[in-house]
Amino acid sequence: MKKTVFFGALTVAGLVAGAASAATLDDVKARGSLNCGVTTGLVGFAAPDADGNWQGFDVGVCRAVAAAVLGDPDAVEFVPTTGQTRFTALASGEIDLLARNTTWTMSRDVDLKFEFVGVNYYDGQGFLVPKALGVTSATELDGATVCIQTGTTTELNLADYFRTNGISYEPVPIETNAEGQQQYLAGACDVYTTDASGLAATRATFENPGDHVLLPEIISKEPLGPLVRHGDNEWGDIARWTLNALITAEELGVTAANAAELSMEPGNNPEINRLLGTEGELGAMLGLEADWAKKAIMAGGNYGELFENNIGENTAIALARGLNAQWTDGGLIYSPPFR
């Protein structure tokens, strides 16, 4: 079992400087697999199924990058990370990409020397409580015990919120979502707080989900997305434009089912043709094959397919698109153009 070690910001920054000197794309190709950091287990986002195969919304990003770079969506080594260990794993080079419901903040971008390549889920912090507690608002939680993952923005947001509202709480520190779920269900804390999407995913695994309620307050902005190390812009471009390819594919109606056909019989939409590599040199710009984006899309579907199949309203997680709808449908999901 790997020992969990927490590194401070200066140490993380130093590790990044060393790891970034190598070209990540060359390392991934030489290794023949992508080392992708994920959560230790959050159903709908990243969790192994009964056969040990990783599934989920964030897993889909990992597989898309592997398909774009290596031509194989299964050429991924999934590395489970906690809120404490994820940044050290990325900084040290243990992983090539972190796709673990991680919030984009200034300090992580600037001080820890990471590069967020985009947002794949716009979220906010919420509160989950037992219905039997009789609480209808987070402002009624004065004196509550709160399960909270260490090493996260959630800790800081919670302290800010309770201080602003003049109420007190007792933290119950946890390292993983599984531990938080266990502690919460065992009654070790009155409240579980994390990103609202994570709470919905966690509640969906309960034996009696209806016995637990999400309070109405959303107390923060949590733009979640994949990230890489500073200092390797070429690798950052690949991760960024793979995510953008999934987003653009949904907007243009390119799916896992029709991407191959559209590439074999190019139509009159030049952006679709450029996306799928039948026109232009976008793949060469990234150091990839012309059909890199087609492979990424076929790995698990476009952005909308990944969302609906893993966390959408017809799944146990039952998340509405909301802010995560395409910009053409009133949401915030938007990709720069492929040209």
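Mentor: Helices (H or I, at least four residues) and strands (E, at least two) are DSSP runs, numbered from the N terminus. This is a predicted model, in which local features need pLDDT of at least 70 and side-chain atom pairs count only at pLDDT 80 or more, while totals for chains, interfaces and linings use all residues. Residues are numbered from 1 along each chain as its sequence is written, and side-chain values use heavy atoms, with hydrogens and water left out.

Trainee: Okay, which residues of α3 and α9 meet?

Mentor: From α3 there are Ala-64, Val-65, Ala-68 and Val-69, and they meet Trp-235, Ile-238, Thr-242 and Leu-246 of α9. The residues of this contact divide into 7 nonpolar, 1 polar and no charged, where Ala, Val, Leu, Ile, Met, Phe, Trp, Tyr, Cys and Pro count as nonpolar, Asp, Glu, Lys and Arg as charged, and the others, Gly among them, as polar.

Trainee: And at what angle do the axes of α3 and α9 cross?

Mentor: Two packed helices are described by the angle between their axes and the distance between the axes. Here the axes of α3 (residues 57-70) and α9 (residues 233-252) cross at roughly 115° and come within 10 Å; axes are lines fitted to C-alpha atoms, for helices over the stretch in contact, and angles run from 0 to 180 degrees between N-to-C directions.

Trainee: Zooming out, how is the protein chain divided into domains?

Mentor: Domain 1 takes in 23-120 + 225-329, and domain 2 covers 124-221, with bounds that come from an automatic or database domain assignment. The contact between them takes 17 residues from domain 1 and 17 residues from domain 2, and the C-alpha centres of the two domains lie 29 Å apart.

Trainee: Now Ser-220: is that one buried or exposed?

Mentor: Ser-220 counts as buried because its relative accessibility is 16%, and buried means under 20% relative accessible area, exposed over 50%, partly exposed in between (1.4 Å probe, protein chains only). Ser-220 sits in the loop between β12 (212-214) and β13 (222-224).

Trainee: What does the side chain of Ser-220 make a polar contact with?

Mentor: One partner is the side chain of Asn-157, at 3.5 Å, and another is the side chain of Glu-222, at 2.5 Å. A polar contact is a pair of N or O atoms within 3.5 Å; within protein, one must be able to donate a hydrogen and the other to accept it, and residues adjacent in sequence count only if both atoms are side-chain atoms. If residues up to four places away in sequence are not counted, Ser-220 touches Asp-123, Gly-124, Gln-125 and Asn-157.

Trainee: Switching to Asn-177, where is that found?

Mentor: Asn-177 belongs to helix α7 (residues 177-185), and it is buried because its relative accessible area is 8%. The side chain of Asn-177 makes a polar contact of 3.1 Å with the side chain of Thr-202. Not counting residues up to four places away in sequence, Asn-177 touches several residues, including Thr-40, Gln-149 and Tyr-192.

Trainee: What about Phe-45, which residues does it touch?

Mentor: With residues up to four places away in sequence left out, Phe-45 touches a set of residues, among them Phe-57, Ser-197, Ile-311 and Leu-319. Phe-45 lies in the loop between β1 (34-39) and β2 (47-48), and it is buried because its relative accessible area is 1%. The C-alpha atoms of Phe-45 and Phe-57 are separated by 4.5 Å, although the two are 12 residues apart along the chain.

Trainee: Last topic, the backbone: what is phi of Lys-113?

Mentor: Phi of Lys-113 is near 65°, which is a positive value in a residue other than glycine. Lys-113 is in the loop between α5 (106-110) and β6 (114-116), and it is partly exposed, with a relative accessible area of 35%. Ala-318 also has a positive phi, near 60°, in a residue other than glycine; Ala-318 lies in the segment after α14 (303-310) and is partly exposed at a relative accessible area of 45%.

Methods. Contact = heavy atoms within 4.5 Å.
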